[in-house]
Amino acid sequence: MAATIELKLMVEDSKRVYVKSFGCSANLADGEVIAGCLSKADFQLVGSPRDAEILVYNTCAVKSPTENRVMDILRKASRDKRLVVTGCLPLINFERLKNEVEFDGVAGPAPGDRIVEVLRRVAAGEKVILLGGTSKPSLCLPRIPVNPVVSIIPINYGCLGNCSYCCVHFARGRLRSYSVDEVVERVKQDLASGAKEVWLTSQDTACYGKDIGASLPDLLRRVCEVEGDFFVRLGMMNPNHVVEMLDELVEAYKCGKLFKFLHLPVQSGDDNVLGLMNRRYTVEDFKAVVQAFRKEIPRLTLSTDVICGFPGESREAFGRTKRLLAEVQPDIVNVSKFFSRPRTQAEKMEALSPKEVKRRSGELAELSRKISFERNWAWMGWEGTVLFDERGKGESWMGRNFVYKPIVVKGDDSLVGRFVPVRVVNAFSTYLEAEIL
């Protein structure tokens with residue numbers, strides 16, 4: 001009896017919790033569920049680490065710089081507080097975490113309501129390591145959104161790829177999709193709570209449903225049929241899966257509620273390098289997808305990713321990547337320097353010199369900025385409706401138009417959650433400036 005009372009008192013005395021998430025939108029969604037489940041279990045969420053008794057860091061380790069930054073935060077965490085580490089880092093590099101950080105609890109990504117058990121045991125003085133298996137938490141679990149205007153909904157966890165540089169599949173596992181009905185019901189719930197913008201997210205949204213006989217185009221149609229004024233943003237899709245459903249997907253994209261925004265990572269403009277990356281598509285596949293979308297949706301916003309300095313990338317291969325970007329003219333290019341990750345195939349490949357990788361990265365970044373500015377300048381004078389979803393710097397507000405272009409206006413009154421008519425009056429490489437009509 002005495003031990004039970006002592007355990008209860010320790011839990012009662014350790015209720016103030018700080019939750020911080022890093023990384024991709026799927027991990028942010030996991031963090032919202034962590035916060036929601038803890039709040040429902042009567043833990044008190046606080047907005048600053050110094051006010052907390054338990055720190056929960058929902059981590060990312062997709063790249064070496066990201067892992068280093070997260071590790072630095074974990075190492076500096078105050079030792080008069082209990083520390084719980086969740087997310088991808090524990091499954092990507094547990095040895096480093098164990099050797100460099102004094103933690104009280106560890107859980108893998110997307111712990112869902114299991115996080116409550118972890119924190120209760122940690123509060124009672126246990127050291128908890130909960131890394132077994134890959135989970136897919138219920139979409140019905142409570143959430144506390146980071147942005148009440150934006151609903152982030154994972155449509156699947158894991159993927160069907162095995163890219164030679166990727167360590168995320170060690171953490172996220174193989175594909176596990178939610179049913180169309182589950183996703184649609186979550187959309188309805190979040191819209192009823194005030195959301196105006198729905199992000200359908202995952203490690204690779206293009207492989208959605210392949211494990212359960214469902215279809216991504218059908219999911220998009222069903223979501224767009226939900227009543228209400230809102231926009232939908234579809235997350236990253238790998239080209240090899242898009243090719244398999246190209247015509248049907250392009251048709252689904254014509255829905256008025258769907259942002260005309262396509263995140264299609266190419267990673268390299270050279271087929272030999274793509275083969276070394278184990279990417280399972282060709283440069284021509286990528287171009288065919290872009291052409292098909294732009295034929296039907298000319299003002300589409302195209303976002304792509306490029307890994308610079310991958311092992312085996314010759315000067316000629318790098319030149320082909322530059323020429324591809326100049327030809328395709330993506331609105332957004334996310335340039336990443338190659339960093340080897342633990343236990344990946346690429347870790348065993350011969351790396352290029354850091355100096356050469358930095359030089360190539362600089363060239364790609366400059367080219368990308370030039371293309372982005374020219375693509376944005378084409379929107380000068382555009383008039384239309386913008387959904388404002390966040391506060392900008394000072395007295396400014398950030399919103400998105402129908403192709404997900406970031407648009408900034410100045411104003412004293414809050415515009416968050418409102419659909420507002422604007423006119424674009426200036427353009428920069430990363431956003432458009434507008435005035436309210």
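I listed the contacts between two helices: R315, F318, T321, K322, L325 and A326 in α14 meet E356, R359, R360, E363, L364, L367, S368 and I371 in α15. I note that the model is predicted.

I then looked up the geometry of this pair. Two packed helices are described by the angle between their axes and the distance between the axes. For α14 (residues 315–328) and α15, I find that the axes come within 10 Å and cross at roughly 10°. I therefore record α14 as roughly parallel to α15, since angles under 35 degrees count as such.

Next I turned to α15 itself, which spans residues 354–377 and contains F373. I found F373 in a nonpolar surface patch with W377 and M380. Together, F373, W377 and M380 have about 280 Å² of accessible area.

Last, I checked backbone angles in the loop between α12 and α13. Most residues other than glycine have a negative phi. I noted N278, which has a positive phi near 60°, in the loop between α12 (271–277) and α13 (283–296). R280 is found in the loop between α12 and α13, and I read its phi as near 70°, again a positive value in a residue other than glycine.

I also looked up accessibility for both residues. N278 counts as partly exposed because its relative accessibility is 26%. R280 is partly exposed, with a relative accessible area of 49%.

Technical notes: Residues numbered from 1 in each chain as written. Predicted model: local features only at pLDDT ≥ 70, side-chain atom pairs only at ≥ 80, totals over all residues. Heavy atoms only, no water. Patch = residues over 30% accessible without salt bridge, like charges linked within 9 Å, V, L, I, M, F, W, Y side chains within 5 Å. Areas by Shrake-Rupley, 256 points an atom, 1.4 Å probe, with all protein chains shown as cover. Salt bridge = Lys/Arg side-chain N within 4 Å of Asp/Glu carboxyl O. Helix = DSSP H or I, 4+ residues; strand = E, 2+ residues; numbered from the N terminus. Axes fitted to C-alpha atoms, helices over the stretch in contact; angles between N-to-C directions. Parallel < 35°, antiparallel > 145°, perpendicular 65-115°, else oblique. Contact = heavy atoms within 4.5 Å. Buried < 20%, exposed > 50% of the residue type's maximum accessible area, 1.4 Å probe, protein only.
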